[in-house]
Each structure stands twice: as structure tokens, then as C-alpha cells.
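Please look over the chain shown below before reading on.

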Amino acid sequence: AVDNRPDRLTELADCLRRAFPQAEIETFIDPGSAVQYSFKNQVDIAFAEHSMRRLDGIQVAEGIHFFRPETMIYLLTDAGVPVKKVTHKDVAGSFTRPLDAADIRKRVLHDRELWERKLRAKRTFVPSNSRSRRNEL
């Protein structure tokens, strides 16, 4: 969970603990620290505020995906504030505040299957200009 505003980070972490009671939830006020954490630690899902100082949610997603391409990342924003680039390749989706634990759980469980399918397709993709493909023709 990443948000540079402590009160909103606490709210997010509490919501995620209700949504996923068995999960280990790490919180980061500094977006750069969240990215650094992903270098050495497994991260299954990340939730990042879209608009933050220093690094925004998209940059956090790109940083985490550099080392952990399997991580699902969701951007968070306030109701009425559009999330730009929500179709970015490193972002699984977005949520608007106020957050609801049941909605988050339902959406993440649904999206996980789609995300895993996308990852499998990436791993099995063979570019048309690759040597092995040319040899088959």
C-alpha cells in the first residue's frame, strides 16, 4: 500500500486488512521505498495513490514491474477525479475513494485470473522475427 498522506495510507491499509485478512500488508509513505522493497521481496498486489509527490502511481507501477512483472497494481484516486492512463500495461485497474473492502476483494479475485492469463500469454509469445520461428517456415 502506497500513499504519501499518512491518514489515507492508514485508511487504505485498514481496508486491505478487512478485504484480505490472511495477507501481509506493507505500507509505504515514500513511493520510492515501495519500489525498493519490491527489489528484494515478493509483491503479489500493490495499491498506489495515483497522484503523489516525487513518484506518481504509474511510476510506482513501472518501478515495481521492472523487477516483479507478475505483480498486480491498482491505482487509487478520489471520486470524481479521473485516473489517466488506467490502461497502462503495468496497471491492473483502479479504485476510487471511498474504498470498500468487499468491492476490492471481489474485483481483485476476478482480475487475478485475467492477469495470470495475460502473463502466461506474454511468456509463450514468440515474435515473428525470432530465429526459431523463421526456421519453422
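## The sheet

Ile45 stands opposite Met72 in β2, and five bridges join β1 to β2, which run parallel to each other. Strand β2 (residues 72-78) is also joined to β3 by five bridges, again in a parallel arrangement, and here Asp78 stands opposite Arg97 in β3. Two strands are said to pair if DSSP finds at least two bridges between them, while helices (H or I, at least four residues) and strands (E, at least two) are DSSP runs that are numbered from the N terminus.

Together the three strands form an open sheet with the order β1-β2-β3 and parallel pairing. The edge strands are β1 (45-49) and β3 (93-97), each of which pairs on one side only, and the twist averages 25° from one strand to the next. Helix α3 (residues 57-67) packs on this sheet, touching β1 and β2, and its direction makes about 170° with that of β2. Contact means heavy atoms within 4.5 Å; axes are lines fitted to C-alpha atoms, for helices over the stretch in contact, and angles run from 0 to 180 degrees between N-to-C directions.

## About the model

This is a predicted model, in which local features need pLDDT of at least 70 and side-chain atom pairs count only at pLDDT 80 or more, whereas totals for chains, interfaces and linings use all residues. Residues are numbered from 1 along each chain as its sequence is written, and side-chain values use heavy atoms, with hydrogens and water left out.

## The chain as a whole

The chain contains five helices and three strands, and from the N terminus on its elements run α-α-β-α-β-β-α-α. Among contacts between residues at least 6 apart in sequence, 59% join residues at least 24 apart.

Of the 137 residues of the chain, 41% count as buried, a word that here means under 20% relative accessible area, with exposed meaning over 50% and partly exposed in between (1.4 Å probe, protein chains only). Strand β1 is mostly covered, since four of its five residues are buried. The chain exposes about 8500 Å², of which carbon and sulfur atoms supply 51%; accessible areas come from the Shrake-Rupley method with a 1.4 Å probe, and for residues only the protein chains shown count as cover.

## Salt bridges

A salt bridge is a side-chain nitrogen of Lys or Arg within 4 Å of a carboxyl oxygen of Asp or Glu, and by this rule the count comes to 12 salt bridges. One of them is formed by Glu49 with Arg5, the closest N and O atoms being 3.9 Å apart. This pair links distant parts of the chain, with Glu49 in strand β1 and Arg5 in the segment before α1 (6-19), 44 residues apart. Glu49 is buried, because its relative accessible area is 3%, whereas Arg5, at 31%, is partly exposed.

The closest N and O atoms of Glu116 and Arg112 are 4.0 Å apart. Arg117 and Glu113 are likewise four residues apart in helix α4, so they too are separated by about one helical turn, and their side chains meet in a salt bridge at 2.9 Å, N to O. Elsewhere, salt bridges that share partners join Asp3, Arg5, Arg8, Glu49, Asp78 and Arg97 into one network.

## A surface patch

Phe39, Phe66 and Phe67 form a nonpolar patch on the surface, with about 340 Å² of accessible area together. Patches are made of residues with over 30% relative accessible area and no salt bridge, where like charges are joined within 9 Å and nonpolar side chains (Val, Leu, Ile, Met, Phe, Trp, Tyr) within 5 Å. Phe39 is found in helix α2 (residues 31-40), and it counts as partly exposed because its relative accessibility is 37%.

## Two details of the backbone

A cis peptide bond joins Arg97 and Pro98, with omega at about 5°, and Pro98 lies in the loop between β3 and α4.

Arg54 has its place in the loop between β1 and α3. Phi of Arg54 is near 70°, a positive value in a residue other than glycine, and Arg54 is exposed, because its relative accessible area is 64%.
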